[in-house]
Amino acid sequence: MPRLAPNMVMTIAFSAFAWLIVAFLVVPIVLVVPMSFSDSSYLSFPPQGFTFKWYLQVMTDDTWTEPTLLSAQIAVMTALVSTVVGTSTAIAIVRGSFRGKKIVRTLIISPIIAPNIVLAIALYFTFSRFGMIGTRVAFVLSHSLLCIPFVLLTVSASLNRFDPGLELAAMNLGASRWTAFLRVTLPIIRPGIASGAIFSFIISFDEPVISYFLSSVSQSTLPRVMFQNIATSVEPNVAAISTILMMLSLGVLGLTTLLRKGQGALPGR
């Protein structure tokens with residue numbers, strides 16, 4: 001039997017270790033899906049029986065539909081705010097030339113580096129002073145703080161791959177700077193903007209920590225209701241809503257992948 005080279009042994013060992021990590025992360029998520037169809041009144045594996053009643057419950061019970069609608073409304077507003085602010089900021093940072101540009105970019109990206117619990121506590125004390133806990137404004141502003149960096153990164157990547165000479169050519173042909181941006185730059189960087197908007201929506205919709213601190217008795221988002229349900233009961237309806245959110249995330253990832261493929265056709269510098 002031929003002996004394997006040391007580098008081949010290391011490659012096999014690292015590959016096996018990587019697959020073990022993937023299995024450790026993915027298997028518990030996959031187990032949630034069959035548990036959501038269990039006929040039992042509590043979470044169990046292997047599932048007992050087969051039923052869709054838990055899906056019907058989360059789609060018809062006000063306990064679940066109202067927080068879901070609130071989370072969707074907040075996510076849409078957050079995506080709009082984050083896309084506008086993040087895109088404008090990306091254009092200013094990539095195209096602008098001013099002192100402290102790197103510092104400004106670092107400060108804007110810092111919310112995705114800092115622990116969410118730190119941001120949640122700071123935002124809670126900030127908004128509680130103004131009596132804004134549980135309001136849509138507090139939710140949207142807080143979630144936008146997390147989402148703007150993602151829009152900034154995706155749009156900046158598109159702008160860095162875009163040849164500004166195309167804008168100059170349009171202006172040489174008589175277009176104003178605003179017209180050149182709308183008709184030349186915007187269509188080309190649109191995949192990056194759309195990717196940022198999609199990321200903003202899903203991050204806001206599924207944000208648990210900050211939403212938990214900012215929710216009130218009458219205004220609770222879906223992640224907070226899920227946490228409360230897990231703390232007080234073990235019904236499979238949590239598995240059902242988790243499966244729906246997982247399918248939504250996979251759909252968003254697929255859509256983002258398609259947008260990135262379209263972005264691959266950007267004119268280079």
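**Close-up views of rings and a bent helix**

**View 1. Ring pairs join Phe37, Phe52 and Tyr55 into a cluster.** This is a predicted model, in which local features need pLDDT of at least 70 and side-chain atom pairs count only at pLDDT 80 or more, while totals for chains, interfaces and linings use all residues. Residues are numbered from 1 along each chain as its sequence is written, and side-chain values use heavy atoms, with hydrogens and water left out. Rings of Phe, Tyr and Trp (its six-membered ring) pair if their centres lie within 6.5 Å; planes under 30 degrees apart are stacked, over 60 edge-to-face, the rest tilted. Searching the whole structure gives five aromatic pairs. One of them, Phe37 with Phe52, is edge-to-face, at 5.5 Å centre to centre and 90° between the planes. Phe37 is buried at 18% relative accessible area, and Phe52 is partly exposed at 48% (buried is under 20%, exposed over 50%, partly exposed in between; 1.4 Å probe, protein chains only).

**View 2. Phe201 and Phe205 form a stacked pair.** Their centres are 5.9 Å apart, with 10° between the planes. Both belong to helix H8 (residues 177-205), four residues apart, about one turn of the helix; helices are DSSP runs (H or I, at least four residues), numbered from the N terminus. Phe201 is partly exposed at 24%, whereas Phe205 is buried at 8%.

**View 3. Arg224 meets the ring of Tyr212.** The charged end of Arg224 sits over this ring, 4.7 Å from its centre (NZ of Lys or CZ of Arg within 6 Å of the ring centre and within 35 degrees of the ring normal).

**View 4. Helix H6 bends by about 40° at Leu145.** Pro149 follows within four residues. The bend is the angle between axes fitted to the seven residues ending there and the seven starting there.

Methods. Helix = DSSP H or I, 4+ residues; strand = E, 2+ residues; numbered from the N terminus.
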